[in-house]
Amino acid sequence: MRILYVGDEASLSNDLVDYVSDLGEDWQLQSVADGNAAIATVASVNVDAVIVAPVLSDLTPATLLGQIRTLRPETIRIALIDSDNPHRAPSARIIGVAHRFLPLPLAPEVLLEALTSFEELRELLDSPRLRSAIGRIEKLPSPPHLYLSLMQALEENEDSDAGEIASLVAADPAIAAKVLQLSNSAFFNNGRAISDLRAAVTRLGLSTLRDLVLASEVFSLAAISAAERNALQTRALMASRLAAKMLPASSAELGATAALLADIGLLLPGVRNERNETASEGDERPGHAEAGAYLLGLWGLPMPIIEAVAFHLQPQRSNVRSFWVSGAVHVATALAGGTAVDEQYLTRTGVISRLEGWRELAADLLGLGVEA
């Protein structure tokens with residue numbers, strides 16, 4: 001992997017340089033002082049990842065990353081953020097052109113984790129055409145901010161009470177309304193109407209709340225009608241609950257998130273909807289499943305989720321030979337969307353006998369009126 005660092009070399013610790021050197025000849029770290037030198041380098045050689053310092057002497061990081069996107073759309077674009085300076089939070093411009101943000105000072109293990117995840121992503125979705133198509137999109141959706149804030153709050157304090165979580169949700173009125181709507185739906189309603197967020201959070205539970213917030217933020221990006229958006233979100237929430245019930249407790253959350261995001265690729269411009277469009281000769285558009293998986297990889301989501309999203313329409317392509325997250329997401333999205341389940345795959349993985357029970361579970365969820 002060829003990595004280009006752009007900025008003052010003083011920001012690169014000796015530990016970081018030595019760390020990359022010790023990884024072997026397959027990893028190369030090169031540095032240039034400014035944006036114009038970076039552009040000249042990227043124009044002359046293939047670079048796998050560009051890491052840009054918060055301040056450059058000649059160009060803004062956003063301008064540089066925008067030009068790199070044009071020159072080499074397949075190159076991973078990483079922006080460094082000075083974590084000690086709150087005035088250097090990511091600007092709207094750079095959020096639109098960077099794939100990932102890493103904190104300064106940059107720890108070797110943080111960089112390695114990010115670059116390794118990109119390498120795994122490319123091995124999974126080995127398609128230069130896909131990387132180029134996604135790289136050219138002028139504004140990729142940003143990772144959902146309220147969802148990330150919610151996850152951070154729970155990680156920092158596992159005992160966060162419903163009031164603290166409700167305060168976070170209340171910051172987004174649209175999502176707060178969705179939380180109240182779902183908590184009063186037939187699926188969760190125990191006969192008592194709820195009108196305040198704290199009680200809604202308690203009724204839904206944190207796992208369902210996370211799913212709902214993620215779905216609300218992700219699908220709000222779709223340039224489709226409100227009716228289409230609600231239908232897409234409803235199917236996603238139902239698939240999420242189905243997938244979680246198909247897996248052991250240790251994997252249920254992975255399955256729930258992957259099923260929820262399975263069709264996120266439909267939000268990207270220039271992709272082919274694989275549910276109703278077959279690839280024709282000369283059609284250069286990437287399919288929405290792999291495009292969505294690639295986006296999630298750029299966001300830094302775990303590899304089992306990325307793989308499940310990439311192959312949820314064709315589970316036989318999964319690298320995991322047993323029935324796990326990819327299989328559960330395939331079945332859950334098919335049942336939620338009323339499409340065919342790959343019974344040959346279920347037979348090969350030894351779970352075909354469970355299909356009828358899963359169909360009944362899906363029918364029960366539909367009958368209870370799961371609402372988004």
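This is a predicted model: local features need pLDDT of at least 70, side-chain atom pairs count only at pLDDT 80 or more; totals for chains, interfaces and linings use all residues.

Colleague: What makes R275 and D263 a salt bridge?

Modeller: The term requires a side-chain nitrogen of Lys or Arg within 4 Å of a carboxyl oxygen of Asp or Glu. The closest N and O atoms of R275 and D263 are 3.2 Å apart, so the pair qualifies. R275 and D263 both lie in the loop between α13 (249-260) and α14 (288-299), so their pairing ties together parts that are twelve residues apart in sequence.

Colleague: Why is D263 called buried, and why is R275 called partly exposed?

Modeller: Buried means under 20% relative accessible area, exposed means over 50%, and partly exposed is in between, with a 1.4 Å probe and protein chains only. D263 has a relative accessible area of 11%, so it is buried, whereas R275, with 31%, is therefore partly exposed.

Colleague: How do you know that R317 and E290 form a salt bridge?

Modeller: Their closest N and O atoms are 2.8 Å apart, which is within the limit, so the name applies. Because R317 lies in the loop between α15 (303-310) and α16 (325-337) and E290 in helix α14, the pair ties together parts that are 27 residues apart in sequence.

Colleague: Why does the pair of E343 and R359 count as a salt bridge?

Modeller: The N to O distance is 3.6 Å, so this pair also meets the definition. The pair links distant parts of the chain, with E343 in helix α17 (residues 343-348) and R359 in helix α18 (residues 355-367), 16 residues apart. E343, at a relative accessible area of 41%, is partly exposed, and R359, at 32%, is partly exposed. A search of the whole structure finds three salt bridges.

Colleague: What share of the protein counts as buried, and what share of its contacts join residues at least 24 apart?

Modeller: Of the 372 residues, 51% count as buried. Among contacts (heavy atoms within 4.5 Å) between residues at least 6 apart in sequence, 64% join residues at least 24 apart.

How values were computed: Residues are numbered from 1 along each chain as its sequence is written. Side-chain values use heavy atoms; hydrogens and water are left out. Helices (H or I, at least four residues) and strands (E, at least two) are DSSP runs, numbered from the N terminus.
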